[in-house]
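Colleague: I would like to learn how to read the pockets and the sheet of a model like this one. Could we go through them slowly, one feature after another?

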Amino acid sequence: LAQGDMGHGQSSLEAMSKVSMHTAMANFNRLCERNVSKVHDLRGFEDVFGSYPQGLDAVFRVYPDCEANFFTEVFPFIVQSASRMYPEYNLKKLQQGAVDHLMLGRELVVTLLAHMFLCTITDSARDMPYPCFDMLLFRVSTRQPQELAKLRMVIHYFDRCRLETPQGELRIYRQVRDRGRASWRDSRQPLLEMQVAPELTGFEDEVGRGCLHADFANKSLGGGVLVGGCVQEEIRFAICPELCAAMLVCPIMLENEAITIVGGEQFCTYTGYARSLAFGGDYRDPSPRDGDGTPLVAITAMDALDFRGEDSSLRRQMQEPLMLRELEKAAAAFAPVDDQALHQWPVIATGNWGCGAFEGCPELKAVLQWLAASEGRRSLLYFPFELKIGPELVQLSHDFCQAGVTVGELYTALVTEPKPREGPEIFYSLRTKLLR
């Protein structure tokens with residue numbers, strides 16, 4: 001089902017490079033001793049797990065249809081899926097600092113997510129994302145409707161998999177880049193023309209279909225999808241729950257790393273955002289399929305600098321080391337994993353990366369992402385959402401591409417004095433330096 005290691009006698013170094021399911025299966029066996037397969041109501045759930053599942057109770061209150069077959073069909077399927085794991089099985093961990101990849105059969109992904117749901121994976125390392133659903137199951141209440149929405153979405157995923165076994169793979173790529181200042185200054189790659197999506201449009205809209213979708217990630221993959229977050233990354237991982245399996249094998253991203261995931265199918269829709277998030281119902285993902293059934297849908301996870309609680313002035317954000325950090329991060333995310341990926345996803349859907357709570361400058365981040373995409377031979381489809389920068393971006397892109405401006409020339413203009421003082425001045429400043 002996946003690339004793994006069924007052997008014994010690993011060295012400590014080898015063990016650090018693997019994710020062992022031995023403890024998970026030992027914990028699962030203890031649940032079986034408590035008759036987890038015979039749980040038929042909330043009190044039975046409490047008897048087996050030792051805590052009352054107030055999150056699950058609240059989901060049934062907010063989404064009454066969810067309770068109808070949960071204990072009769074969905075939960076037994078989750079338990080059965082978890083039972084399919086071999087205790088000797090080890091998953092390869094995608095180590096920090098190394099370009100690597102892992103292909104997980106989607107049937108195995110169901111099993112892994114079942115263990116995450118049952119909270120059996122309790123020995124995760126400190127540099128790994130949190131892997132259990134205990135917060136959603138046992139800690140949240142009707143006062144946190146956004147958390148209930150995420151739990152409802154995951155339950156819906158299991159209900160769908162119960163009826164239709166997923167085909168194909170979840171393909172996870174760890175990408176690393178370390179080129180530095182000279183590679184940007186000397187780049188002769190031409191800028192590729194940027195398109196802008198209509199305002200208030202999201203990546204999942206029809207206009208973004210077929211693109212590589214940027215995931216505005218936490219450095220810990222998945223962010224707070226299981227522990228309290230509910231913005232762009234968390235919503236994507238909730239409506240495409242298979243993405244959560246990558247949290248088991250991807251340590252925290254370093255400054256020059258990104259993670260690309262192919263095959264994370266969307267199983268439901270949603271309404272709202274953040275605290276207003278709600279489950280929107282079933283969704284049939286129209287993405288094309290590879291020959292083995294893998295959905296040809298891809299995201300690339302990249303974490304932005306966080307300027308909260310410190311100097312977030314444009315002057316500081318335009319310091320060259322900070323711009324280089326964001327460029328290297330975006331370039332790692334936007335670089336095709338291979339030529340086939342470039343052919344399949346020549347356009348990147350992205351937007352105001354790190355510009356909300358992290359206080360990044362939208363105009364600067366748009367230009368940096370444009371540089372990174374062009375360096376990777378990909379075009380940008382920019383989603384400004386509520387910001388009014390779309391028309392200026394389109395015009396800037398058109399004019400610079402018509403003039404034959406290169407990545408190196410635009411980078412040099414960015415780092416050369418005089419620098420603008422406010423975000424809205426960035427486009428004018430670049431024009432005066434490059435279109436004389």
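Colleague: Which elements each supply at least two residues of the lining of the second largest pocket?

Modeller: Rolling a probe the size of a water molecule over the atoms shows where empty space is left. In this predicted model, the elements that each give at least two residues to the lining of the second largest pocket are β4, β5 and α12 (320-334), and the largest share, 4 residues, comes from β5. This pocket holds about 340 Å³ of space, and among its 17 lining residues Gln175, Val176, Ala332, Ala335 and Pro336 lie nearest its centre.

Colleague: What is the volume of the largest pocket, and which element gives the largest share of its lining?

Modeller: The largest pocket has a volume of about 970 Å³, and of its 35 lining residues Phe216, Val231, Gln232, Tyr273 and Asn352 are the closest to its centre. The largest share of the lining, 5 residues, comes from α10, while by class the lining has 17 nonpolar, 11 polar and 7 charged residues.

Conventions
Residues numbered from 1 in each chain as written. Predicted model: local features only at pLDDT ≥ 70, side-chain atom pairs only at ≥ 80, totals over all residues. Heavy atoms only, no water. 1 Å grid on protein atoms, 1.4 Å probe; cavity = no way out; pocket = protein on both sides within 12 Å on 5 of 7 lines; lining within 4 Å. Points joined across faces, edges and corners; volume = space filled by probe spheres on them. Nonpolar A, V, L, I, M, F, W, Y, C, P; charged D, E, K, R; others polar.
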